[in-house]
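Trainee: I am new to this structure. Please take one part and walk me through it closely.

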Amino acid sequence: HSISDLDKLKMNPTRLELCSFVKETVSEISIRDNIQLELPQYPINLNVDKSRLVQVFENIISNASKYAKTDVIVSASADENNATITFRDFGKGVSEEEIPFIFDKFYRGSRIGNENGAGLGLHIVRYIVKQLGGEIFAENLTDGFMIKIILPLS
């Protein structure tokens, strides 16, 4: 999407079951067999725009594959109000000073190496998540990096 067209993105929410969605989406977008799923046995129902949530998954998993070059664990859980989706890799992460900026338009971190990109992927992801009524966070772990999305249950 052209960055100037972001505010024109329309959300068409429909009800979906998150665990089924995650399985289906990951199997469709997975380039390699490096994605592991950790999903609960209970249903998690959301009212979201399915195609926009696919974009979110594509961007985050693509970034993890491109920059971390490690396995990625996608997990989901829910409490009484919200669903939480996490994407965890085992790469070098992002410098702590840069984490506040990774969702900014055109921002590219210092650990990108020779990888191509425009610095729009995570900016678009944050926009979509906020339009879906959710929040997104990034965090370095002792042995990797994690993106966490919180969406309201339907």
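Mentor: Start with the order of elements. From the N terminus the protein runs β-α-β-β-α-β-β-α-β-β. That makes three helices and seven strands. Helices (H or I, at least four residues) and strands (E, at least two) are DSSP runs, numbered from the N terminus. The model is predicted: local features need pLDDT of at least 70, side-chain atom pairs count only at pLDDT 80 or more, and totals for chains, interfaces and linings use all residues. Residues are numbered from 1 along each chain as its sequence is written, and side-chain values use heavy atoms, with hydrogens and water left out.

Now the part itself: a helix pair. Helix α2 spans residues 50-68 and helix α3 spans residues 121-131. They pack at about 145°, with axes 9 Å apart. Axes are lines fitted to C-alpha atoms, for helices over the stretch in contact, and angles run from 0 to 180 degrees between N-to-C directions. From α2, the contact (heavy atoms within 4.5 Å) uses R52, Q55, V56, N59, I60 and N63. From α3 come G121, L122, I124, V125, I128 and V129.

V129 counts as buried because its relative accessibility is 1%; buried means under 20% relative accessible area, exposed over 50%, partly exposed in between (1.4 Å probe, protein chains only). Leaving out residues up to four places away in sequence, V129 touches V56, G134, E135, I136, I149 and L151. R52 is 77 residues from V129 along the chain, yet their C-alpha atoms are separated by 8.7 Å.
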